[in-house]
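Work through the exercises below with the structure at hand. Each task is followed by a solution in steps.

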Amino acid sequence: MKPAIGDYIDGLRAMLPLLPGAVPFGMIAGAVAAEAKFGAAAGIGQSVLIYAGASQLAATQLVADAAPALIIVLTGLVINLRFAMYSASLAPHFAGLTLRRRALLAYLMTDQSYALTVSRYGADGTADAATKARFYLGGGIAMWIVWLGATAAGFMLGSRVPPSWSLDFFVPLSFLALLVPGIRDRATATAAATGAIIAVVATGLAFNLGLFVAAACGIAAGYLAETWRKKKEDAR
Amino acid sequence: MSTTALWLTIVAIGIGTFVLRLSFIGLSDRMALPVAMTRALRFVPAAVLSAIILPAALRMPEGGVDPSLDNPRLIACLVAAGIAWMTKSVLATLAVGMGTLWLLQALL
């Protein structure tokens, strides 16, 4: 049997290529907080308390625009509604672990840690919850350290990365690398196409609701596509 | 915004975000998910990731969305998707995608 440390290292190795994308994003989040006159504690502390890039950026922007606090909180949370979907998707994988362990896993949830764990264990029914948790933590802890370091650096130095380098492009590219191998049939392809198109159409929705609405539509489209295919097969 | 109000705002988003993350993971020992929901959850990665990718791929450096087909980011994304499809390698996808974007930006 493989020693437990091996699972952490597997998780870290799977996460490694995704870490560079978090650096420019984190630096921007830190730099924007500094420009919005956050103190160092709040500017860097939000990375610990919120730990979600898009949400931090949107909230900081709204603070700078002197938006009402309720609007800021609502916007920050709506962007993170997708985490409830991830949580439901991960729940069966982590069932049986202690609540403390599951709380730690929940705190470290990111798009990357979620996508890596599901793409690795989604179809694998043999791995136990403890193994999956170690894989998830190996990458998740590394991402947390990088995110904190990047926002702190961005806060203190400003974002030193010129926009013309387009390093922000790392983020959609790394999600693309996780998305494509997961498209295995017509139903998942339908879900992906619907999610993508609705997300572009719904860009202007209030409170940044676009992402959640697009994700919900994509899931519904995939579900329906699968249901129709099954009905067709049953009719034969 | 006062320092206290700023902290309260950050803490409120932080607690709410943690609750969203913990929601189903926290309840996993007390309830089993309905079959229909389990079936729907299979589509979460495809639906959410693509909904993050396409708007980001069409975003212009100076803000706003450029849906035209000669948008270098869109072309680089399509090339990278092909590489991801063929190699299933994250590193190869990142390298070719970034390389394509830089090349197009230098040429266009």
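## Exercise 1: The domains of chain A

In this predicted model, the C-alpha centres of domain 1 and domain 2 of chain A are 25 Å apart. Task: state which residues the two domains of chain A span, and describe the side of domain 1 that touches domain 2.

Solution. Begin with the bounds: the domain assignment places domain 1 of chain A at 4-166 and domain 2 at 183-236. Next, count the contacts: 8 residues of domain 1 of chain A are in contact with 6 residues of domain 2 of chain A. On the domain 1 side, the elements giving two or more residues are helix H5 (69-79) and H6 of chain A. H5(A) gives the most, with 4 residues. Sorted by class, this side of domain 1 has 6 nonpolar, 1 polar and 1 charged residues.

## Exercise 2: The extent of chain B

Task: list the helices and strands of chain B, and decide whether chain B is compact or spread out.

Solution. Chain B has 5 helices and 0 strands, in the order α-α-α-α-α from the N terminus. The radius of gyration of chain B is 20 Å, whereas the globule rule gives 13 Å for 108 residues, so chain B is more spread out than a compact globule. Along the principal axes, the C-alpha atoms of chain B fill a box of roughly 55 × 45 × 25 Å.

## Exercise 3: Between the chains

## Exercise 4: A helix pair across the interface

Task: classify the packing of helix H12 (residues 210-235) of chain A with helix H3 (residues 44-58) of chain B.

Solution. The two helices pack at an angle of about 140°, with their axes 8 Å apart. H12(A) is therefore oblique to H3(B). The crossing of H12(A) past H3(B) is right-handed. Residues making the contact include A:Leu211, A:Gly218 and A:Ile219 of H12(A) and B:Val44, B:Ser50 and B:Ile52 of H3(B). By class, the contact has 10 nonpolar, 3 polar and no charged residues.

Technical notes
Residues are numbered from 1 along each chain as its sequence is written. Chains are lettered from A and ligands numbered from 1 in the order in which they are written. This is a predicted model: local features need pLDDT of at least 70, side-chain atom pairs count only at pLDDT 80 or more; totals for chains, interfaces and linings use all residues. Axes are lines fitted to C-alpha atoms, for helices over the stretch in contact, and angles run from 0 to 180 degrees between N-to-C directions. Angles under 35 degrees count as roughly parallel, over 145 as roughly antiparallel, 65 to 115 as roughly perpendicular and the rest as oblique. A crossing is left-handed if the near helix is turned anticlockwise from the far one by less than a right angle, and right-handed if clockwise. Two residues are in contact if their C-beta atoms, placed from the backbone, lie within 7 Å. Ala, Val, Leu, Ile, Met, Phe, Trp, Tyr, Cys and Pro count as nonpolar, Asp, Glu, Lys and Arg as charged, and the others, Gly among them, as polar. The radius of gyration is taken over C-alpha atoms; the globule rule is 2.2 Å times the number of residues to the power 0.38. Domain bounds come from an automatic or database domain assignment.
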